[in-house]
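Here is a friendly walk through one protein model, from its overall layout down to single side chains. Have a look at the sequence and the fold, and then read on.

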Amino acid sequence: MENLIEQNKLEISKIDTRIKILELGIEHTFTNMYFDALSLQAELQSTRENIEILNKQLSVAKNLTEHGLFRYIDYRLMQTDLKLDSINYLNTLTSFRLSLSEIKTFCGLKDTAFTLLPRYKIALNDIHHDSSLFLKTFAEDSLTVKYQQTVFNNQYKPQVMNIANSGINSNSISSISRHFGMSAGVQITYTIFDGKQKDINRKQQMVLLEESSHQKDLRNTEITNRCLLYTSPSPRDDR
């Protein structure tokens with residue numbers, strides 16, 4: 001009974017862990033979508049500023065070209081640059097609108113208005129990978145294997161069962177007392193030979209535990225490397 005209670009607690013813990021991992025996945029997906037949209041918005045604003053600058057320069061270059069103070073070919077190159085920037089601006093604008101729509105859909109918003117995203121102060125949180133939820137799942141898998149092995153081994157313990165029975169068989173009320181009987185006893189069952197199933201099951205569970213431990217080590221290494229990647233300072237060019 002105690003083992004079943006622990007198994008139920010473990011299943012509840014596994015469900016809670018899966019929910020938390022799902023929440024982290026949603027946060028990760030939204031963060032990526034937001035940063036992608038923010039990057040497009042920055043590119044959009046930068047391209048628009050370049051177009052404004054090029055328009056002013058082109059206006060000056062046109063006057064200089066008309067008075068023979070600026071080469072015509074250079075003026076035409078400036079016009080080409082302006083057209084390319086204008087095309088790039090429209091393409092980026094389309095991508096940004098699509099990205100913005102995806103964010104609103106992901107958040108369940110029905111608002112289709114075109115709005116710029118606010119720019120928040122962004123900083124990395126402190127990372128404590130030792131208590132990672134992703135590592136917790138491997139510990140829970142190991143406990144599951146342990147409990148399954150315990151349940152399997154329990155069937156090899158002697159099983160004791162109390163037996164009681166009673167009955168009556170009579171055609172007349174006067175003779176009921178002579179036709180009433182009852183019995184009681186104890187039944188003990190024990191597995192003597194199982195075709196080495198116990199040993200096979202034990203080896204299978206050991207393989208599962210070793211595999212779980214190996215996967216945990218791999219994931220721990222992956223998490224550690226990511227933490228170092230995000231927290232280490234950017235390399236500087238000393239040239």
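## Ground rules

Throughout this report, a residue is called buried under 20% relative accessible area, exposed over 50%, and partly exposed in between, with a 1.4 Å probe and protein chains only. Accessible areas come from the Shrake-Rupley method with that 1.4 Å probe, and for residues only the protein chains shown count as cover.

The model is predicted, so local features need pLDDT of at least 70 and side-chain atom pairs count only at pLDDT 80 or more, while totals for chains, interfaces and linings use all residues. Residues are numbered from 1 along each chain as its sequence is written, and side-chain values use heavy atoms, with hydrogens and water left out.

## Overall layout

The protein has four helices and two strands, where helices (H or I, at least four residues) and strands (E, at least two) are DSSP runs numbered from the N terminus. Read from the N terminus on, the order of elements is α-α-α-β-β-α. Of the 239 residues in the protein, 19% are buried.

Helix α2 covers residues 72-106. For the 35 residues of α2 that gives 51 Å, and the end C-alpha atoms are 51 Å apart, which agrees.

The buried residues of α2 are Y75, M78, Q79, L82, Y89, T92, L93, F96, S99, L100, I103 and K104. One of them, L82, has its C-alpha atom 9.4 Å from that of E52, although the two are 30 residues apart along the chain. E52 belongs to helix α1 and is partly exposed at 47% relative accessibility. Just after α2, G108 adopts a positive phi of about 75°.

## Aromatic contacts

Rings of Phe, Tyr and Trp (its six-membered ring) pair if their centres lie within 6.5 Å; planes under 30 degrees apart are stacked, over 60 edge-to-face, and the rest tilted. The count by this rule is four aromatic pairs. One of them is the stacked pair of F30 and F106, at 6.4 Å centre to centre with 20° between the planes. This pair links distant parts of the chain, since F30 sits in helix α1 (residues 2-66) and F106 in helix α2, 76 residues apart. F30 is partly exposed at 29% relative accessible area, and F106 is partly exposed at 37%. Y72 and Y75 make a tilted pair, because their ring centres are 6.3 Å apart and their planes stand at 45°. These two tyrosines are three residues apart in helix α2, about one helical turn. Y72 is exposed at 53%, whereas Y75 is buried at 11%.

F30, Y34 and F106 form one aromatic cluster. F106 also contributes to a nonpolar surface patch of about 290 Å², together with L22 and I26. Patches are made of residues with over 30% relative accessible area and no salt bridge, with like charges joined within 9 Å and nonpolar side chains (Val, Leu, Ile, Met, Phe, Trp, Tyr) within 5 Å. Another ring, that of F114, has R97 over its face, at 4.3 Å from the ring centre; a charge sits over a ring if NZ of Lys or CZ of Arg is within 6 Å of the ring centre and within 35 degrees of the ring normal.

## Salt bridges

Side chains of opposite charge can pair when their charged atoms come close. How many salt bridges are there? With a salt bridge taken as a side-chain nitrogen of Lys or Arg within 4 Å of a carboxyl oxygen of Asp or Glu, the count is three.

In helix α1, K14 and E11 are three residues apart, about one helical turn, and their closest N and O atoms are 3.9 Å apart. K14 is buried at 14%, while E11 is partly exposed at 37%. K20 and D16, four residues apart in helix α1, form a salt bridge at 3.3 Å between the closest N and O atoms. K20 is partly exposed at 34%, and D16 is partly exposed at 34%. D74 and R71 meet in a salt bridge at 3.0 Å, N to O. Here D74 is partly exposed at 23% and R71 is exposed at 55%.

Terms used: The expected span of a helix is 1.5 Å times one less than its number of residues.
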